Amino acid sequence: LWQERAPSPTITVSNNEGLKTVTLSCSTESAKIYYTTDGTTPTTESAVYSEPITITGNEDVLLKALAVCDAHAYSKPSAQNVVLDTVTEPVPSKLPGVVQKNSIISLSTDVPDTVIYYTVNGTTPTRESDVYSTPFIISESIEIRTLATKDGMKDSQLSLFSYTLIDDSAPYINIASRLNDD
């Protein structure tokens, strides 16, 4: 007995402050929509769609959906690659370079709710590194390495900010005053 296929579900991706939300719909209102987010073909054992799906984690997702309704054969699966945005790299309050002792360096990003991980020992920061929460007070030359993360977005690129202290023991000549000593 031949049955017409249910229409394939429509997959709509929206962006809210960098987070991806997926809405599934079918032109047959009585259809039940099953979906997967790991790229496998959905079955009636897969998750049932009931509300918009917020993509979590920090990797792109291949979402597939299948519509099932009593009067039709299963739909052909729909698929959508949900490409996550990338967190912007942290920005220091002072440009890297030569700074005075006790200079204060803060870090920020333009993405709300970002977590900044850092190291100052030359190693690459990971999600297990120290979490940035207070500004650095520079008391010696230092390299600050950072990684910015947010659930639902790809991690930022790694950043390196090097600060060298002004050498107070070096002779200091005030050129402006020497030129005016005629």
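These are my notebook entries on a predicted model of a protein.

**Entry 1: overall form**

I began with the secondary structure and counted 1 helix and 16 strands in the protein. I then looked up the extent of the C-alpha trace, which spans about 105 × 35 × 20 Å along its principal axes. The radius of gyration is 27 Å, whereas a compact globule of 182 residues would have one near 16 Å.

Next I took burial and surface. Of the 182 residues, 35% count as buried.

I asked how many of the 5 residues of strand S3 are buried. The count is 4 for this strand, residues 32-36, so S3 is largely enclosed by the rest of the structure.

I then listed pairings of S3. With strand S6 (residues 61-68), S3 pairs in the antiparallel sense over 5 bridges. In that pairing isoleucine 33 stands opposite alanine 67 of S6. Strand S4 (residues 47-48) also runs antiparallel to S3, and 2 bridges join them. Tyrosine 34 has valine 48 in S4 as its bridge partner.

**Entry 2: the five-stranded open sheet**

I traced an open sheet of 5 strands and wrote down the order as S9-S16-S15-S12-S13, with mixed pairing. Which strands are the edge strands? They are S9 (97-99) and S13 (130-131), each of which pairs on one side only.

Within this sheet I looked at S12 (residues 115-119) and S15 (residues 142-149), which pair in the antiparallel sense over 5 bridges. Tyrosine 117 stands opposite leucine 147 in S15. As a reminder to myself, strands of a sheet pair through backbone hydrogen bonds, either parallel or antiparallel.

**Entry 3: isoleucine 166**

I placed isoleucine 166 in the loop between strand S16 (159-165) and helix H1 (175-179). Its relative accessibility is 40%, so isoleucine 166 counts as partly exposed, the class between the 20% and 50% cut-offs.

I then asked which residues isoleucine 166 touches, not counting those up to four places away in sequence. The residues are Val98, Val99 and Gln100. I also took the C-alpha to C-alpha distance from isoleucine 166 to glycine 97, which is 9.7 Å for a pair 69 residues apart in sequence.

**Entry 4: two residues with positive phi**

I noted asparagine 102, whose phi is near 70 degrees, a positive value in a residue other than glycine. Asparagine 102 lies in the loop between S9 and strand S10 (103-105). With 48% relative accessibility, asparagine 102 counts as partly exposed.

I also noted aspartate 113, which is not a glycine and yet has a positive phi of about 65 degrees. I found aspartate 113 in the loop between strand S11 (107-108) and S12. Is aspartate 113 buried or exposed? Aspartate 113 counts as exposed because its relative accessibility is 65%, and the cut-off for that class is over 50%.

Technical notes
Residues numbered from 1 in each chain as written. Predicted model: local features only at pLDDT ≥ 70, side-chain atom pairs only at ≥ 80, totals over all residues. Heavy atoms only, no water. Pairing = 2+ DSSP bridges. Rg over C-alpha atoms; globule rule 2.2 N^0.38 Å. Buried < 20%, exposed > 50% of the residue type's maximum accessible area, 1.4 Å probe, protein only. Contact = heavy atoms within 4.5 Å.
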